[in-house]
Amino acid sequence: MEEKDLVCWNSLIDGYARCGEIEVARQLFDVMPERDCVSWTVLVDGFSKSGKVEAAREIFNQMPEKTRVTWNAMIDGYMKAGDVLSAERLFDEMESRDVVTWNSMITGYDYNERFEEAICTFRTMLGEGFIPNHATLVGALSATSGLASLCNGRWMHSYIVKNEYDLDGVLGTSLIEMYSKCGSIDGALDVFRSISRKKLGHWTAIIVGQGMHGMANHALQLFVEMRKAGITPTAITFIGVLNACNHAGLVDHGRRYFDMMVREFGIEPMIEHYGCFVDILCRAGRLKEAKYVINTMPVKPNQFIWMSLLSGSRNQGNLKMGEYAAKHIIETAPETIGCYIVLSNMYAASGMWNKVAEVREMMRKMGFKKDPGCSSIEHKGVLHQFTVGDKSHPQTDKIFLKLTEMGEKLKSAGHVPDTSQVLLCIDTEAEKEAELQNHSERLAIAFGLINVEAGSPIRIMKNLRVCNDCHSVGKLLSSIYDREIIVRDNSRFHHFKNGSCSCNDFW
């Protein structure tokens, strides 16, 4: 070009920035004959999105006149870099904000798992008179899902309906996911049925949700209806279908859908599909078959696949296979703390205390500490959290009286505590049983029995996997007290009702 005006320079810089060539964009920026606010904004945004937030801040500070777009870009960059404090400082310094600014804060808090701050920011935004767009609501619903706050989720749903937001797109999908993750699969189904023009995302979300809640047959029936409606499933849809088979222990169905994905739809299996299929086999005790799939799959197995084999080995008492899996986990991702905990428990169960000491020493050298179990339950819009043996709650006396009552009723019902997964540092059986009685989910259940009105489900979220004994206890308590107890752990939902669980013990 014989004549290059400012628009040409800005277009070229913007093109390089969008393609990820931010350093080339910077070189052009440094030699361009003149600049305007667009030139500066493109560079700040480019560095921010490429993760080079300090370089973005350096240019931001040099700007002769900062635009709201650059402020928003910096906030978004800091949030994605995990520097929440710097993002908050910039947000507080802004003289004027727009919807994008609020969205950057809400989605940023959600991204950094600061769910309560995200919901609080959303409410503040409404209080200051800003009208949220679809992106705002999707971010707020995602935070609600992370917190498993059904009360907030229902309030947001009411706001969406009252203000007549369209559910035909991503917002409808987010609502279905929110209800599913907050433990109300009925709410998710109501949203799904209310959407007149259902798209692939809506079908996939409800299939995933029902699978997560152990409603495998319903999920697979919806998959059939989706195909009849002329919707072609994608790789993500099949992850939901395979997960449904996994949570219900439907091995043959899982194999059939895995083959269907490849043969009928020509979808190349991803690591996630192999992970689902391997987990199905491991949960069903088919360890040799699972090992064969792992060793013959065309992609390199990750730590999650090896952890499935390790967990399956623990459940089957197969120490040799467990050691084989643990060896590969340590080679692939040595920071996987769960590997060392499961392996040490397997050694302890076999009485191999020298091996237990070796694993403990490995954990000590790597600075590992087991995350404490934490369970939360929402009541009248307030989230109540419990850790093992927690006595900090205002209703502690009532809760422990209820725990004693629960223990007596369980004993009368013939419950024999399963102490196989209790921490290794606890020696006697009596101490192990006492430890089990104080698990965080039992404290939350006791709180729920005291406070949640009869006829309403007791919904609990736990950060770790439910142990064998608490799973058995959950089933018994649902029958003893005639209450539905819904527990979301870090793997799936457990619907305890009438002495059974939705997972059919394939958890």
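**Exercise 1. Find which residues of helix H6 (residues 84-93) are buried, and what covers them.**

Step 1: Set the cut-offs. Buried means under 20% relative accessible area, exposed over 50%, and partly exposed in between (1.4 Å probe, protein chains only). Helices (H or I, at least four residues) and strands (E, at least two) are DSSP runs, numbered from the N terminus.

Step 2: Go along H6. You get Val84, Ser86, Ala87, Glu88, Leu90 and Phe91 as its buried residues.

Step 3: Look for the cover, which includes helix H4 (53-62), helix H5 (68-80) and helix H7 (99-111); contact means heavy atoms within 4.5 Å.

A word on the model: it is predicted, so local features need pLDDT of at least 70 and side-chain atom pairs count only at pLDDT 80 or more, while totals for chains, interfaces and linings use all residues. Residues are numbered from 1 along each chain as its sequence is written, and side-chain values use heavy atoms, with hydrogens and water left out.

**Exercise 2. Give the strand order of the open six-stranded sheet and pick out its edge strands.**

Step 1: Read the order: S2-S1-S3-S4-S5-S6, with mixed pairing. Strands pair if DSSP finds at least two bridges between them.

Step 2: Strand S2 (382-387) and strand S6 (500-501) each pair on one side only, making them the edges.
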